[in-house]
Amino acid sequence: MRIKRSSWAIPYGIFLILFVALPLLLIALYAFQDRSGAFTLQNFVKFFNTPEDLHTFVYSIEIALITTVLCLLFGYPAAWILANARLNRSAVTVILFILPMWINMLVRTLATVALFDFMKLPLGEGALIFGMVYNFLPFMIYPIYNTLHKMDGSYAEAAQDLGASPATVFTKVTLPLSMPGVWSGILMVFMPTISTFAVAELITLNKVKLFGTTIQENINNGMWNYGAALALIMLVIIAVTSTFTDEEDKRADEKGGLI
Amino acid sequence: MAGTEEIIRIEHLTKRYDGKTVLDDFNLNIRKGEFVTFLGPSGCGKTTTLRLIAGFITPDEGRILLEGKDIATVPPYERPLNTVFQRYALFPHLDVYDNSAFGLKLQKMPTDEIDRKVRKVLKMVAMTDYEDRDVESLSGGQQQRVAIARAIVNEPKVLLLDEPLAALDRKMREDMQLELKEMHQKLGITFIYVTHDQEEALTLSDTVVVMREGRIQQIGTPRDIYNEPVNSFVADFIGESNILNGTMIRDKRVSFIGHEFDCVDKGFGENVPVDVVVRPEDIYISRKTEGEQFYGKVTSCIFKGVVYEMLVQTDEGYELEIQDYNAFEAGSSVGMHVHANDIQVMKKERVCNTFEGEVVSADRVSFLGEEWEIAPTSLEPGTKVKVEVPFGGVDLQDNREDGTIEGEVYFILYKGDRYHLTIKTSEDYFLYVDTQDIWDKGDLVGVKIDPKDIKIVKDED
């Protein structure tokens, strides 16, 4: 029997249905059900009436924003230096920056905890933000480095030729042309940080609670429907962010970027 | 057009990359309003020279004077020059108008003046209707026009053009050539143009600078370069030509392809080997079997649009290319003659390979970065010697491993009865070979030399 080429996709299709589509559908279904399985909006009403959960939600977004902004502030200059042939002559330095991405996040996080312990620093909000930035910085550097590295050097030369000083070349040409990488970086940092909970739990020893933890607690305590509703709210936020950055990405440039 | 006032003077300009000289002692004066073209094959240093003038790279030696002032330390953004880049380098995040206005905006010029100038220049390049267009949505030719507009709107003293038409198709290229020429006349700006296309160089320029291997081969008007090439490289690079080995018998008398001819050149000495160039259109061909200078048989005849291009095997065994308005079909017997003033005699650049070497032992000598077997010598090991190898003494091998050293066929010249090849060795030395075998440019070869063909002479210095 001849196997069609499209048949090769079947295992992947089954995998996607079982582990992506079905769980998402279940989340959506559970979010609009009460314990008995009847349709209700009560889960969402409960969320807006529980100040503690609402506060955690806003706080999580705040932390994610701070992390993203810090990653951008540290990541862009790092990416720029790495991509600059005069400042960085070896590919090894790039690898050194990317290296942390190869190590399990939990290992890195536990190492951060050990480091803070060793230096007798408090394991509070500061430690949390440090841990998050440390964890996600490579995800900001890499896409920006990628766009800068691939950028045709003749754009900068053309700008210089037309009278732009090095600083002007950066603001008028290099920065605008690297925006696709910046948007990719923002997306890759903001999306995981908003839903992270393990990092927060481990670093702050459960002192600081993020939205991910709230969801996990509810589900662990058998509140499947409420937990599903919270998860759905978070998914909506992520979806909105990624559509927004996608639009920006397209506007900035059709090419470049990491994803 | 071009006045007598000098605008750029380039003195002893030299540039090296990793110890390799890519531009060697380049000297040139450019007059105000002149259209100068740097012409040569890739790697000849023409783009390097342009980039040195623009200021993107700094020279290792020499200076560039702009209106009498050395601009070596002036960064590119302060030089009153603008460049049209090979792949245009239009800013993809800006539209046509903003690309064109980029330079003027940086000069902090009033908006209405910028607007006036940009509109004027866009009209000049016929891009008025495209102001708001995204540059990436434009065709190659349109992008080219915007690139030109973006440069000339700044009214530079000199416009540098780096192979600006290379990416366009033939028809478009020819149209743009005319437009560029017109634009040059209208603007009165000095143009420095880089190209590898000899036709383009001859069409556009007031002055052509032919370059090879980082050195200037010849500077002259297109007519000079075409009619009186100074060496076989220029003759071969510019237009079609028959390049032949000859001997200058005495003043105004030269022998080649087995015959003696009158010519107009003198001052070479007597019985001196020379290169002779005859353009295909300068050989007169007829069906006469007597009363002509030499005779042969047509081996191929191709119609080229206006003329027929024929290959003729002469009775003495030389192959010549001939162009004529009349067809002489393959197989026909023909007679030919050449007028004295159509024979261009050039000094030979070399009559054999010469290298610097050192004796290693009684039967080995080192040169070209390798040791070679030679006929036994009485010279002491360590003696510095001059090594001479005739062009015909070099054996090229298909298998690179079979040679003493490896090389690449770098340049091919057909000399009527043999090929004269330039081989670039893996260590960047040049070696010249005469052969009957057909090789292609870029072929990788092994190089062998028969010990009896290696002649060594003690170096007196």
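## Two packed helices in chain A

In this predicted model, helix α5 (residues 105-118) of chain A packs against helix α6 (residues 125-150) of chain A at an angle of about 140°, and their axes lie 10 Å apart. Axes here are lines fitted to C-alpha atoms, for helices over the stretch in contact, with angles running from 0 to 180 degrees between N-to-C directions. That angle makes α5(A) oblique to α6(A); angles under 35 degrees count as roughly parallel, over 145 as roughly antiparallel, 65 to 115 as roughly perpendicular and the rest as oblique. The crossing of the pair is right-handed, meaning that the near helix is turned clockwise from the far one by less than a right angle.

Which residues of α5(A) meet α6(A)? They are M105(A), R108(A), T109(A), T112(A) and F116(A), and they face A127(A), F130(A), G131(A), Y134(A) and N135(A) in α6(A). Contact means C-beta atoms, placed from the backbone, within 7 Å. By class, these residues divide into five nonpolar, four polar and one charged. Ala, Val, Leu, Ile, Met, Phe, Trp, Tyr, Cys and Pro count as nonpolar, Asp, Glu, Lys and Arg as charged, and the others, Gly among them, as polar.

## Where the chains touch

The contact between the chains draws 16 residues from chain A and 18 residues from chain B. On the chain A side, the elements giving two or more residues are α7 (153-161) and α8 (166-177). Of these, α7(A) gives the most, with six residues. That side of chain A has seven nonpolar, five polar and four charged residues.

## The sheet of chain B

Now to chain B, where four strands form an open antiparallel sheet in the order β2-β1-β4-β5. Helices (H or I, at least four residues) and strands (E, at least two) are DSSP runs, numbered from the N terminus, and two strands pair if DSSP finds at least two bridges between them. β2 (20-31) and β5 (69-70) stand at the edges with a single partner strand each, so one side of each has no neighbour in the sheet.

Strand β4 (residues 61-66) of chain B pairs with β5(B) over two bridges, and L66(B) has K69(B) as its bridge partner in β5(B).

## A buried helix in chain B

Eight of the nine residues of helix α1 (residues 46-54) of chain B are buried, so this helix is largely enclosed by the rest of the structure. Among them are L50(B), L52(B) and I53(B), along with K46(B) and R51(B). A residue is buried if 20 or more other C-beta atoms lie within 10 Å of its own. After α1(B) comes G55(B), with a positive phi near 100°.

## Conventions

Residues are numbered from 1 along each chain as its sequence is written, and chains are lettered from A and ligands numbered from 1 in the order in which they are written. In this predicted model, local features need pLDDT of at least 70 and side-chain atom pairs count only at pLDDT 80 or more, while totals for chains, interfaces and linings use all residues.

Note on methods: Two residues are in contact if their C-beta atoms, placed from the backbone, lie within 7 Å. A residue is buried if 20 or more other C-beta atoms lie within 10 Å of its own, exposed if 12 or fewer, and partly exposed in between; C-beta atoms are placed from the backbone.
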